[in-house]
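Please examine the sequence and the structure before reading on.

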Amino acid sequence: MAKKKKRRTTKKWYNTKKRQPTEWLVVLLGVLFALGVGLVYIQYTGAQTQERLANEAKQEELAKVKKKKEFINQLAPYAQELQQKYHVLSSVTLAQAILESDWGKSSLAADYHNYFGIKGDDPDNTKEMTTKEYLNGQWVTTTARFRVYRNYRESMLDHVLLFAHGTSWDHNHYQHVVAATNYTQAAQALKQDGYATDPNYPEKLIELVKTYRLDQFD
């Protein structure tokens, strides 16, 4: 008789034994632990990102404050010198320079050193640019010629001389500005004497003086 061959069986690589409840508990705890670690990591990285963005915003704000201080400190000494000679308050000169030139960043100031929006007629020393004027109760965009200067000191001198000497048709046109003894009076006088068309011009100047303590230079 032929011998029966034994059937070979392959041993399964995995354990078919049913897991005990304690083993399932260990697995569950492992999963929960992994999830917990993941959540902590996400929160940690999220907090780090928020902190980084907050620090960047803070640094950016500090840089802006520094630039504003530098702008004021650059113009203040000459503003004081001009006040001594022509009796135009330094605080108002500085506030106007800030407002009119947007801290020296406007095209008129950055490219042509005109910090006060002073206009002119001579094509040889002016540049035609667009501007906004408050006319008939609304803001309109117009084109005008603005004076070109070699540096900010020329602009500041021309600005003060306009107040001290007036216009070609009225030498006393800005007498109230020159006669003012504090920045509030001077700001109101600018509106009274027709320097700017913006109805809120005095309030904007006064707020700038208060915010940056520009009256300390008077």
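How many residues does helix α4 have, and how far does the helix reach from its first C-alpha to its last? In this predicted model, helix α4 (residues 152–165) has 14 residues and reaches 20 Å, close to the 20 Å expected at 1.5 Å a residue.

**Helix α4 and its ends**
- The N-terminal end of α4 is capped by N151, a side-chain oxygen of which lies 3.1 Å from the backbone nitrogen of R153.
- After α4 comes G166, a residue with a positive phi, near 75°.
- The buried residues of α4 include Y152, M156, D158 and F163.

**Salt bridges**
- The structure holds four salt bridges.
- One of the salt bridges joins the side chains of R147 and D158, at 2.6 Å from N to O.
- R147 lies in strand β2 and D158 in helix α4, so this pair ties together parts that are eleven residues apart in sequence.
- D158 counts as buried at 18% relative accessibility, whereas R147, at 29%, counts as partly exposed.
- E154 forms a salt bridge with R150, with the closest N and O atoms 2.5 Å apart.
- R150 is exposed, with a relative accessible area of 69%, while E154 is partly exposed, with 24%.

**A buried aspartate**
- D193 is placed in the loop between α6 (183–192) and α7 (201–211).
- D193 is buried yet has no salt bridge, and the nearest side chain of opposite charge, K191, is 13 Å away.
- The side chain of D193 does make a polar contact of 2.8 Å with the side chain of H176.

Terms used:
Residues numbered from 1 in each chain as written. Predicted model: local features only at pLDDT ≥ 70, side-chain atom pairs only at ≥ 80, totals over all residues. Heavy atoms only, no water. Helix = DSSP H or I, 4+ residues; strand = E, 2+ residues; numbered from the N terminus. Buried < 20%, exposed > 50% of the residue type's maximum accessible area, 1.4 Å probe, protein only. Lys, Arg positive; Asp, Glu negative; His and termini not counted. Polar contact = N/O pair within 3.5 Å; in protein donor to acceptor, adjacent residues only side chain to side chain. Expected span 1.5 Å × (residues − 1).
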